[in-house]
Protein chains: 6
Amino acid sequence: MRILMINPNTSVLMTERMAESASHSLAPDVDLVAMTAPHGMPYISSRAEALIAGATTLEMIAAHQDGMDAVVIAAFGDPGLVAAREQFDLPITAMAEAAMHTACMLGHRFAIVTFTQVMTAWYEDAVALAGLQARCTGVRVPDVGFRSIDHVQGELEEALIELCCRAVTDDKADTIILAGAPLTGFAAKVADRVPVPLIDPLDAAVGQAALLARLRTRPARAGRFARPPSKLATGLPPALGAWIEHRT
Amino acid sequence: MRILMINPNTSVLMTERMAESASHSLAPDVDLVAMTAPHGMPYISSRAEALIAGATTLEMIAAHQDGMDAVVIAAFGDPGLVAAREQFDLPITAMAEAAMHTACMLGHRFAIVTFTQVMTAWYEDAVALAGLQARCTGVRVPDVGFRSIDHVQGELEEALIELCCRAVTDDKADTIILAGAPLTGFAAKVADRVPVPLIDPLDAAVGQAALLARLRTRPARAGRFARPPSKLATGLPPALGAWIEHRT
Amino acid sequence: MRILMINPNTSVLMTERMAESASHSLAPDVDLVAMTAPHGMPYISSRAEALIAGATTLEMIAAHQDGMDAVVIAAFGDPGLVAAREQFDLPITAMAEAAMHTACMLGHRFAIVTFTQVMTAWYEDAVALAGLQARCTGVRVPDVGFRSIDHVQGELEEALIELCCRAVTDDKADTIILAGAPLTGFAAKVADRVPVPLIDPLDAAVGQAALLARLRTRPARAGRFARPPSKLATGLPPALGAWIEHRT
Amino acid sequence: MRILMINPNTSVLMTERMAESASHSLAPDVDLVAMTAPHGMPYISSRAEALIAGATTLEMIAAHQDGMDAVVIAAFGDPGLVAAREQFDLPITAMAEAAMHTACMLGHRFAIVTFTQVMTAWYEDAVALAGLQARCTGVRVPDVGFRSIDHVQGELEEALIELCCRAVTDDKADTIILAGAPLTGFAAKVADRVPVPLIDPLDAAVGQAALLARLRTRPARAGRFARPPSKLATGLPPALGAWIEHRT
Amino acid sequence: MRILMINPNTSVLMTERMAESASHSLAPDVDLVAMTAPHGMPYISSRAEALIAGATTLEMIAAHQDGMDAVVIAAFGDPGLVAAREQFDLPITAMAEAAMHTACMLGHRFAIVTFTQVMTAWYEDAVALAGLQARCTGVRVPDVGFRSIDHVQGELEEALIELCCRAVTDDKADTIILAGAPLTGFAAKVADRVPVPLIDPLDAAVGQAALLARLRTRPARAGRFARPPSKLATGLPPALGAWIEHRT
Amino acid sequence: MRILMINPNTSVLMTERMAESASHSLAPDVDLVAMTAPHGMPYISSRAEALIAGATTLEMIAAHQDGMDAVVIAAFGDPGLVAAREQFDLPITAMAEAAMHTACMLGHRFAIVTFTQVMTAWYEDAVALAGLQARCTGVRVPDVGFRSIDHVQGELEEALIELCCRAVTDDKADTIILAGAPLTGFAAKVADRVPVPLIDPLDAAVGQAALLARLRTRPARAGRFARPPSKLATGLPPALGAWIEHRT
């Protein structure tokens with residue numbers, strides 16, 4: 001089984017780290033193929049950036065879907081997820097949605113803990129889109145800042161663990177989602193120091209993509225998720241234009 | 001007062017019709033400046049197309065916002081609305097959101113009547129985004145098709161009026177929103193044949209943009225709608241890249 | 001365009017102040033006609049008082065609607081709004097509802113800041129009636145009291161500004177509604193000291209009334225907002241009794 | 001135990017019928033004292049009429065509360081209920097609210113069946129006010145009309161029974177509330193012909209008033225339901241004005 | 001009228017105390033028959049224990065329903081309530097549900113105050129089951145522990161009163177439910193020290209059971225609460241097996 | 001990886017069929033161990049039966065959890081799921097919950113199609129428990145009956161396919177869950193005849209159990225899903241009593 005992992009941001013280093021981290025919880029028959037966005041921002045921290053990255057996600061899936069069994073959008077906040085699920089015929093998961101549904105099977109209410117305030121609006125939108133507000137205790141962010149997004153796990157380790165513990169005692173969270181691509185792998189590292197299950201969103205998204213592929217459900221041919229009819233498209237990236245115009 | 005009207009689709013004919021239609025309900029001190037998308041699709045009928053058009057909307061606002069008092073996104077479904085409101089400092093309205101909030105002040109529950117099934121998923125998303133599901137009786141669509149999107153008002157006139165009447169009697173709608181840019185101007189034409197107020201979304205969006213400009217509220221400098229910090233951006237359209245990188 | 005502004009309370013001073021404040025954001029073609037309640041309480045601070053004032057509002061509209069294009073109920077909490085909208089044929093807005101829908105087009109979540117605890121139950125009811133609970137971060141009130149309702153803006157200026165700032169940082173409000181007729185005009189005065197848009201409910205209500213009048217929608221002749229059939233009415237104020245009995 | 005039953009409408013015949021009907025399910029130690037509105041409409045069929053009747057309800061409770069253990073507002077739709085509960089110190093129930101909460105203890109979802117379309121908006125508001133929308137399958141009304149409100153039970157008997165049965169089979173209602181004062185007593189008459197429990201709202205309201213009186217809870221002295229501070233009141237009915245000004 | 005009070009726990013002492021406490025607010029024509037669970041736990045503090053106690057409740061009703069007019073499940077959290085209401089033909093109430101619906105007729109929002117953290121998950125489930133989340137300000141628990149569940153009222157008296165007062169001032173609760181069978185009778189004892197009505201859940205449940213019996217509604221013969229068809233049952237307690245197999 | 005599959009009903013034939021059906025979508029490293037309930041009913045069709053089966057589920061997990069990596073409760077409606085997840089330390093999934101969360105990653109709204117009306121109340125409860133009502137288009141049931149639960153797939157094949165198609169066209173379902181253990185394996189058989197993805201709940205539940213086991217999250221030691229403290233338990237099945245009393 002081949003799963004396409006799309007990093008809708010431009011950081012190759014982040015793509016490599018994520019691919020490495022995800023490899024630890026794969027079933028034995030799953031191969032992961034990782035891709036980095038050819039343009040855009042090194043990471044997303046606003047909904048405008050998410051919108052732009054969403055369009056890039058469509059472009060990347062159009063270009064690389066051949067021979068794949070499923071797609072993972074490797075950014076928390078899920079840029080382009082619904083649009084991609086509507087346009088393309090293979091199963092597609094993304095980090096926020098997959099983490100939330102996975103969390104719902106380990107407890108009743110999940111908290112989202114992340115590393116910077118600028119992400120929270122975007123993450124709250126993801127909770128609302130899934131209709132899971134009643135199961136989310138909220139998004140918690142440390143009061144302290146950090147110097148480098150590449151070392152944020154180390155810099156904020158104590159602050160994040162303390163936040164997780166407060167999400168349990170104060171917010172009554174049953175599980176905790178460690179949100180944001182830069183926290184990939186952090187859950188495994190600190191699991192012993194937080195008294196409830198920690199969800200790694202990338203592990204969840206890759207696991208759910210594999211599960212969906214394994215179910216071998218057919219693509220929709222009617223309704224909200226059937227591929228739209230062909231449409232004239234001007235000035236789009238070639239693979240995406242071709243897919244929208246039904247030339248591929 | 002100058003209001004920028006953005007058509008995120010590529011049809012110049014549609015832009016001209018909308019500008020003409022909107023001119024009838026402007027206050028005496030309002031000028032409307034209309035723009036058509038330089039690339040994309042002639043009209044939107046899927047969420048993938050809406051996502052692409054949303055990115056184009058950001059690009060167009062970045063390029064044309066100077067000297068404007070407010071912006072109207074002239075597509076029902078509101079591509080790019082939240083992202084644009086977050087990125088830019090002037091008031092921004094869009095057709096679905098403005099029509100719904102306007103309808104809420106003329107009755108308790110509104111129906112959305114449109115001309116083609118392919119739009120409904122996108123429109124339902126707009127209702128949910130506004131948190132107004134409890135005030136919406138649903139989206140109604142004729143059973144019959146049409147030949148040309150340019151003449152859809154004439155072709156479907158009887159079918160649409162009948163749908164409006166059924167939305168009142170069967171769904172208990174208090175007002176009706178005639179959704180989709182191709183229905184611009186239709187409300188005024190058929191008002192006498194439907195027993196409740198009909199909302200023209202473009203009139204509502206332009207009116208609300210003028211109202212917001214008149215209130216002279218200040219732009220957000222904190223929270224979810226403050227302009228995000230500057231960010232490195234690679235390969236974006238020039239005006240948008242410059243705005244995101246805070247070079248303008 | 002002529003708009004009837006109804007103060008459902010008995011304070012003529014308040015009526016005059018409100019009319020003056022509203023005059024600053026009118027479109028050039030709008031005239032405002034202000035009326036004060038002939039009986040009742042000098043201001044409303046309970047739902048029983050609101051109920052009584054609501055009946056007075058009906059009485060005043062019945063007496064003064066001739067020649068008007070729209071009505072504004074100039075009390076936050078909107079006494080009699082739904083009943084009036086149902087009974088009468090011209091557009092009717094009120095301060096709480098108009099402020100909330102306007103706020104929803106400037107940000108996602110609004111806070112309501114007011115000057116006394118006794119109002120909060122009534123204001124929360126208005127949020128619920130509009131179905132906008134999910135977009136409201138709550139009603140905030142200063143801990144400190146005040147001596148005179150006529151000078152409450154000056155007495156509580158610092159306390160109210162601090163509350164607004166806390167609504168932004170603690171409650172994540174995107175905009176703030178300054179609620180209660182005695183705060184009319186306060187938003188413009190302190191806009192520079194709060195980092196998000198401030199909504200003046202009277203400006204919003206008058207602006208929305210003008211917008212609805214400009215749309216020239218027809219009155220409902222079916223459904224929840226059609227004028228009810230004539231009904232025998234005993235012992236009511238003359239103009240209201242005549243309207244309910246369809247004698248006018 | 002003495003319970004004051006207030007008919008906020010002007011029909012003495014209706015008051016007498018209701019008092020007689022309610023007498024059949026009283027506990028042995030309960031006396032019912034019935035009063036008819038001195039002005040207003042013979043029955044309520046709009047929210048404007050409900051608003052006016054609500055103010056009359058306050059006036060009647062102010063005038064007749066002495067020596068009573070509880071009050072029942074004997075109109076479905078509950079005119080003045082929340083305002084009265086806030087102003088006065090004894091337990092107060094009303095027909096819609098009491099019927100709904102009672103129904104919730106006999107099944108999960110209740111239907112409301114009534115005899116005329118004009119009531120439905122008002123009844124839906126009562127469901128929403130109680131926050132019980134998720135437990136209500138909707139308001140059903142016969143397609144056929146009736147000649148006299150005094151004989152509506154006989155005229156519509158078959159139509160109402162059929163509606164009840166359809167509420168069970170089509171809407172999956174577990175219980176049915178027979179709404180509107182003119183249907184008082186109908187539930188007992190037709191119970192054998194509908195396969196789920198039928199709720200008589202007046203029986204429920206009187207029963208709940210007796211139950212609340214029996215619990216002997218203290219009146220609120222803080223929060224939303226504490227009696228408001230004294231307030232200057234001009235031109236109100238004497239007993240109500242005196243109560244609001246704390247002269248009684 | 002005979003009401004069967006079921007204690008689904010094994011503590012005979014608790015059953016006796018509850019029967020004694022409930023006797024104070026009975027109507028003159030009501031007899032209470034109390035039963036204690038023959039197996040299980042002395043009290044419930046988890047949902048697994050509630051599930052087991054729920055099955056025991058079914059068993060006890062099957063064994064003791066003959067000659068009864070109604071049943072009260074005398075545990076807050078209502079083990080087995082919905083299942084019992086579905087299986088059996090007489091009215092059945094339980095402490096959490098009855099307390100909540102009763103509270104809703106004394107104010108708008110209720111708080112739940114209890115004595116130990118371990119109960120809260122179960123109590124929140126009961127609020128959600130009733131669909132009353134919007135009317136509940138939350139479950140509050142003292143920070144301090146207690147030595148003996150038999151003397152918890154005395155040990156925690158001051159802490160519980162302080163919690164009640166904070167539920168009023170901080171959470172804006174209009175009424176307070178004192179939850180958990182061990183707090184039976186506490187409301188009457190401390191009513192003077194809390195400024196809003198206190199609900200004793202057992203009094204509410206017994207009162208509501210008597211009210212339902214007095215209404216003499218018929219049992220459901222269709223829908224979700226009709227007695228299920230007979231079913232082969234292996235290895236169940238005799239009376240319950242006989243009832244499920246329709247042998248009684 | 002070893003997964004314990006619990007059939008909480010007494011039919012060994014059903015257990016065998018389910019184990020065989022689930023074997024087709026297992027990852028290569030997963031072993032399934034199937035168990036049948038030692039007492040109870042051959043299948044569940046009421047909430048009372050579900051309650052009894054839930055207690056049996058606890059008993060079976062207590063007896064057979066040693067050496068397992070995860071548990072699947074193999075009944076749609078999920079008897080005992082929340083209680084089991086709270087009591088035991090290994091991941092536990094069940095058919096309704098797993099099917100719903102899986103469906104949410106293949107489309108926005110799912111329908112539930114099942115074979116008999118008696119199940120629907122129980123299934124709706126499962127949707128509500130998950131908080132996914134807004135994503136469920138409803139439960140659909142054929143109008144026609146069937147002779148044998150063992151051959152229901154064959155008897156109702158055409159009726160069920162037609163229901164699925166109507167769920168797509170009329171209810172706008174994006175995916176369909178084929179609910180009820182007797183429909184296990186049906187999705188794969190008829191996938192080509194329904195134009196949207198069909199979810200087999202057992203495949204989903206087993207897949208999700210394997211996914212959770214693969215994530216290796218730690219069991220909760222705090223909050224709603226931590227194992228409760230030891231409790232005296234009288235007259236329970238031995239393994240369950242021992243687990244509750246912390247003797248194992």
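## Ground rules

A polar contact is a pair of N or O atoms within 3.5 Å; within protein, one of the two must be able to donate a hydrogen and the other to accept it, and residues adjacent in sequence count only if both atoms are side-chain atoms. This is a predicted model, where local features need pLDDT of at least 70 and side-chain atom pairs count only at pLDDT 80 or more, while totals for chains, interfaces and linings use all residues. Residues are numbered from 1 along each chain as its sequence is written, chains are lettered from A and ligands numbered from 1 in the order in which they are written, and side-chain values use heavy atoms, with hydrogens and water left out.

## How chains B and C are related

## The B–C interface

Chain B gives 49 residues to the contact and chain C gives 49 residues, where contact means heavy atoms within 4.5 Å. About 4000 Å² is buried between chain B and chain C, with carbon and sulfur atoms giving 65% of it; buried area is the accessible area (1.4 Å probe) that two parts lose on being put together, summed over both.

On the polar side, 12 residue pairs are in polar contact between chain B and chain C, both residues at pLDDT 80 or more. There are also two salt bridges between these chains, a salt bridge being a side-chain nitrogen of Lys or Arg within 4 Å of a carboxyl oxygen of Asp or Glu. B:Asp174 forms a salt bridge with C:Arg224, with 3.8 Å between the closest N and O atoms. On chain B, α4 (95-103), α5 (120-130) and α9 (201-215) each supply at least two residues of the side that touches chain C; helices are DSSP runs (H or I, at least four residues), numbered from the N terminus. The largest share of that side, eight residues, comes from α9(B).

## Two domains in chain A

Now for the inside of a single chain. Chain A is assigned domain 1 (2-94 + 204-244) and domain 2 (97-201), with bounds from an automatic or database domain assignment. The C-alpha centres of domain 1 and domain 2 of chain A lie 23 Å apart, and their contact takes 22 residues from domain 1 and 26 residues from domain 2.

The area buried between domain 1 and domain 2 of chain A is about 2000 Å², and carbon and sulfur atoms give 64% of it. In domain 1, A:Arg47, A:Phe76 and A:Ala204 lose the most area to domain 2, together 34% of what that side buries. Two salt bridges cross this interface. In one salt bridge of chain A, A:Arg47 pairs with A:Asp125, the closest N and O atoms being 3.4 Å apart. On the domain 1 side, α1 (12-22), α2 (47-64), α3 (81-87) and α9 (201-215) of chain A give two or more residues each, and α1(A) has the largest share, five residues.

## Across the whole structure

Over all chains, a search finds 94 salt bridges. One salt bridge joins the side chains of A:Arg85 and A:Glu97 (2.7 Å, N to O). A:Arg85 lies in helix α3 of chain A and A:Glu97 in helix α4 (residues 95-103), so the pair ties together parts that are 12 residues apart in sequence.

Some chains do not meet. Chain A and chain D do not touch, and their nearest C-alpha atoms are 15 Å apart. Likewise, no contact joins chain B and chain E, whose closest C-alpha atoms lie 15 Å apart.
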